[in-house]
Amino acid sequence: MAEAGKVTMEKIVSLCQRRGFIFQSSEIYGGLSACWDYGPLGIELKRNVKEAWWRANVQQRDDVVGLDTSILMHPDVWIASGHVKAFADPLVECKVCNLRYRADELTSKVCTSCGGELTEPQMFNLMFKTHSGPIESEDNVVYMRPETAQGMFVNFANVQNTTRKKLPFGIAQIGKSFRNEITTGNFIFRCREFEQMEIEFFVKPGTDEQWFEYWVNQRFNWYINHGIKKESLKLRPHDKEELAHYAKMCSDVNFLFPMGWGELEGIADRGSFDLTQHMEHSGKSLTYFDEETKQTFVPWVIEPSAGVDRSVLAFLCDAYAEEPDKDEIRTVLHLHPAIAPVKVAVLPLSKKEPLAELSRKIYADLRLNWACQYDDAQSIGRRYRRQDEIGTPLCVTIDFQSLEDKQVTIRERDSMAQIRVGISELADAIKDKLKR
Ligand code: ATP
């Protein structure tokens, strides 16, 4: 019998390319480093991750509202936030082959590629710079946002005034961010263009520690509730020395990627740093009036900040398995139904009529509610394999018997168990099985 192997990044990358989850950006031109394109299945997976996050953190809560702010912002935003001055990593360069490294990530004192001598570290700002308007001068420099968070801070008063939310309340946003990372790699783990899912949760000063604990638990459990194994996750509280100057507390949700533990999300207690900075630089008030105590103050903020692409990678790695199936090995993604790109595959046993007509009718009905695929090519065994490999939780097989008894077979991805159900009960049965 063939042997099932362990999950490696090569296997994940290969599956992603082979099945159309993720391609390299501008591949026909040799690719653009650290930029990736999501293919037909990848976009479904990515949308499901974002939707699951949005549902749990915005739609199912009374105390968080959504926002979508522009990528380009007034350049003073990034001066106030500290990014112009301090959003930098130490860069060293090999004097012989000119390869560049992040000094804090190097384990060797010489170039790991050619052994050459390295320059002294220089701070390298990670923000992408460009110009707004037709003149390329220092006066119209703008930055591609390196995080979505600042869009929430500068809109604090707009959101609070229009929604009349009382503290504690949060603002959530999902969107693209850009960082000119010195070293990239590990597939979509570290990109130069990526997406973030962030919440700025504003609280009364003095209540921050309890809200910090709350959000750390909330966010840790979100991954578990969406199918990530508990043993693949770890909380890593930051040491005092590691904290950014404005942060009081910070904890990372780490995931065990094939290359080792890596950060999925950071949850930080940022005090009143951001709103205070924006008040000082903009001259506008971003305070809050508490009607109960009649006090005016600057709210404090707890920030859970997650990466969409890193989450996608974590979901893929955690779900990937190679399992014995009779005398062979099947590759399967045990994705949570809410995350799986396709929920149901409709598989007629034959392309011939009247089986095809009945199958197409079933497919048309099911796709009103779920992302479905119709596949009538090759043997049924191969079709099951194809669906297992992309994580489709359920297959519906229609055979010649179905024409007689008006029943079809539902085959489950994880157990490979098969049951017969009446066509009239099919939608209810699927709904029930996709519940988790
Ligand atoms: P790292 O230490 O890995 O560089 P960070 O601590 O700088 O990450 P944050 O600024 O806290 O990251 O960003 C919040 C989240 O955004 C991260 O937990 C990660 O999921 C995601 N993220 C940050 N940088 C990248 C990147 N270059 N590519 C993909 N995702 C990223």
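In these legends, Ala, Val, Leu, Ile, Met, Phe, Trp, Tyr, Cys and Pro count as nonpolar, Asp, Glu, Lys and Arg as charged, and the others, Gly among them, as polar. The model is predicted: local features need pLDDT of at least 70, side-chain atom pairs count only at pLDDT 80 or more, and totals for chains, interfaces and linings use all residues. Residues are numbered from 1 along each chain as its sequence is written, and side-chain values use heavy atoms, with hydrogens and water left out.

**View 1. The second largest pocket holds about 260 Å³ of space.** A pocket is an open set of points on a 1 Å grid over the protein atoms alone, where a 1.4 Å probe fits, with protein on both sides within 12 Å along at least five of seven lines. Grid points are joined across faces, edges and corners, and the volume is the space filled by probe spheres set on the points. Lining residues have an atom within 4 Å of a point. There are 17 of them here, and Arg55, Pro337, Ala338, Lys343 and Trp370 are the closest to the pocket centre. Two elements, α2 (40–59) and α13 (426–434), each give two or more residues to the lining. The most come from α2, with five. Helices are DSSP runs (H or I, at least four residues) and strands likewise (E, at least two), numbered from the N terminus. By type, the lining has eight nonpolar, two polar and seven charged residues. Domain 1 (9–72 + 146–316) and domain 2 (342–433) each supply at least three lining residues; the bounds come from an automatic or database domain assignment.

View 2. Buried means under 20% relative accessible area, exposed over 50%, and partly exposed in between (1.4 Å probe, protein chains only). The structure holds zero disulfides. A disulfide is a pair of cysteine sulfur atoms within 2.5 Å. For cysteine 16, the nearest cysteine sulfur is that of cysteine 317, 8.3 Å away.

**View 3. Helix α9 is largely enclosed by the rest of the structure.** This helix covers residues 308–319. Its 12 residues reach 16 Å from first C-alpha to last, close to the 16 Å expected at 1.5 Å a residue. That expected span is 1.5 Å times one less than the number of residues. In α9, 12 of the 12 residues are buried, including Phe315 and Cys317.

**View 4. Lysine 230 is exposed, at 57% relative accessibility.** Lysine 230 sits in the loop between α7 (208–225) and β11 (233–237).
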